[in-house]
Amino acid sequence: MVGHLYPPAKAALLTHPLMKNLPPDKLRLFFIHSAYKFMGDIAIFETETVNEVAMKISNGHTPIAFPDDIRHDALTIIIDEAYHAYVARDFMRQIEQRTGVKPLPMGTETDLSRSMAFGKQRLPESLHGLWEIIAVCLGENTLTKDLLNLTAEKTFNEVLHLVMEDHVRDEGRHAVLFMNVLKLVWSEMDESARLAIGQVLPGFIREYLDPKALAGYERVVLEQLGLPAEHIERILSETYVEPALEDFRARYPLSGYLVYVLMQCDVLAHAPTREALRRFKLLPQ
């Protein structure tokens, strides 16, 4: 396979000095395991989180009634996402067949499922249904923006590039639908629900973009590469430093895009929610 199997722009560990001089064979192995995690998470994200919510919308099992056109469009989401999961898993199989490298255990938790659970722990059960919809709306829009940014990079494998371009074409349509869903849900919620969920949104954004779950997987990858334990500790601790509130936007630019989505969907027209994001330094000064 020609080209990297994982976008170098997403590989934060490679910016660390101790990773700069990895031998080519170890760098290749690092990219292979990073690709497995990337594609494995996409498959889980699409089928277990996005499609679960899309199915509830399409079948009318939601706290808010959606119009028929949105319920119908939700079925296209389910079809698309199942296909994306199939392509991701097929790509993983092809990597193993071509390289002989087996995937490491990855678990089933994704950034979205973890941050969705973060919100549920802080909200009454009566709001969990609404919260799931809102979290998926934000997660799908973030994925679209992330994939769009990555398709501009030309240093990775051509097949992976084609897979991502095909994916982002569908996700652009999904992003529009989920923005419409978010706008409708927020407009239909009562004030008590807006107050409760609005206070959770800043923590959700930080939890969603926090790479600590990836760090756990990458520790195992670095061990597979045979790096000394003290080097692994330095690489992880110095790469994934918890940013101060005022530095979060600069460290994780996707937070700015999530704020943009909230603004476009009238969520930030709600003064208490807007103030909650301001307290977390998530709004531009």
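D80 is found in helix α2. Helices here are DSSP runs of H or I with at least four residues, strands are E runs of at least two, and both are numbered from the N terminus. At 12% relative accessibility, D80 counts as buried. Buried means under 20% relative accessible area, exposed means over 50%, and partly exposed lies in between, with a 1.4 Å probe and protein chains only. Leaving out residues up to four places away in sequence, D80 touches D170, R173 and H174. A contact means heavy atoms within 4.5 Å.

The model is predicted: local features need pLDDT of at least 70, side-chain atom pairs count only at pLDDT 80 or more, and totals for chains, interfaces and linings use all residues. Residues are numbered from 1 along each chain as its sequence is written, and side-chain values use heavy atoms, with hydrogens and water left out.

Now step back to the whole chain. It has eleven helices and zero strands. Its radius of gyration is 19 Å, close to the 19 Å that the globule rule gives for 285 residues, so the chain is as compact as a globular protein of that length. That radius is taken over C-alpha atoms, and the rule is 2.2 Å times the number of residues to the power 0.38. Along the principal axes, the C-alpha atoms fill a box of roughly 55 × 40 × 30 Å.

How much of the chain is buried? Buried residues make up 52% of the 285 residues. Among contacts with a separation of 6 or more, 80% join residues 24 or more positions apart. The accessible surface comes to about 13,400 Å², and carbon and sulfur atoms hold 55% of it. Such areas come from the Shrake-Rupley method with a 1.4 Å probe; for residues, only the protein chains shown count as cover.

Next, look for empty space. Rolling a probe the size of a water molecule over the atoms shows where it is left. On a 1 Å grid over the protein atoms alone, a cavity is a set of points where a 1.4 Å probe fits but cannot get out; a pocket is an open set with protein on both sides within 12 Å along at least five of seven lines; lining residues have an atom within 4 Å of a point. Points are joined across faces, edges and corners, and a volume is the space filled by probe spheres set on them.

The largest pocket has a volume of about 1,100 Å³. Its lining has 37 residues, and the closest to its centre are K10, D111, D146, L214 and L254. Helix α1 gives the largest share, eight residues. By class, the lining has 20 nonpolar, seven polar and ten charged residues. Ala, Val, Leu, Ile, Met, Phe, Trp, Tyr, Cys and Pro count as nonpolar, Asp, Glu, Lys and Arg as charged, and the others, Gly among them, as polar.

The structure holds one cavity of 30 Å³ or more. The largest cavity is lined by A54, I57, I70, A74, I77, L177, F178 and V181. Helices α1, α2 and α5 each give two or more residues to this lining. What classes do its residues fall into? They divide into eight nonpolar, no polar and no charged.

Finally, check the backbone. Most residues other than glycine have a negative phi. D266 has a positive phi, near 70°. D266 sits in the loop between α10 and α11. K281, in the segment after α11, has a positive phi of about 60°.
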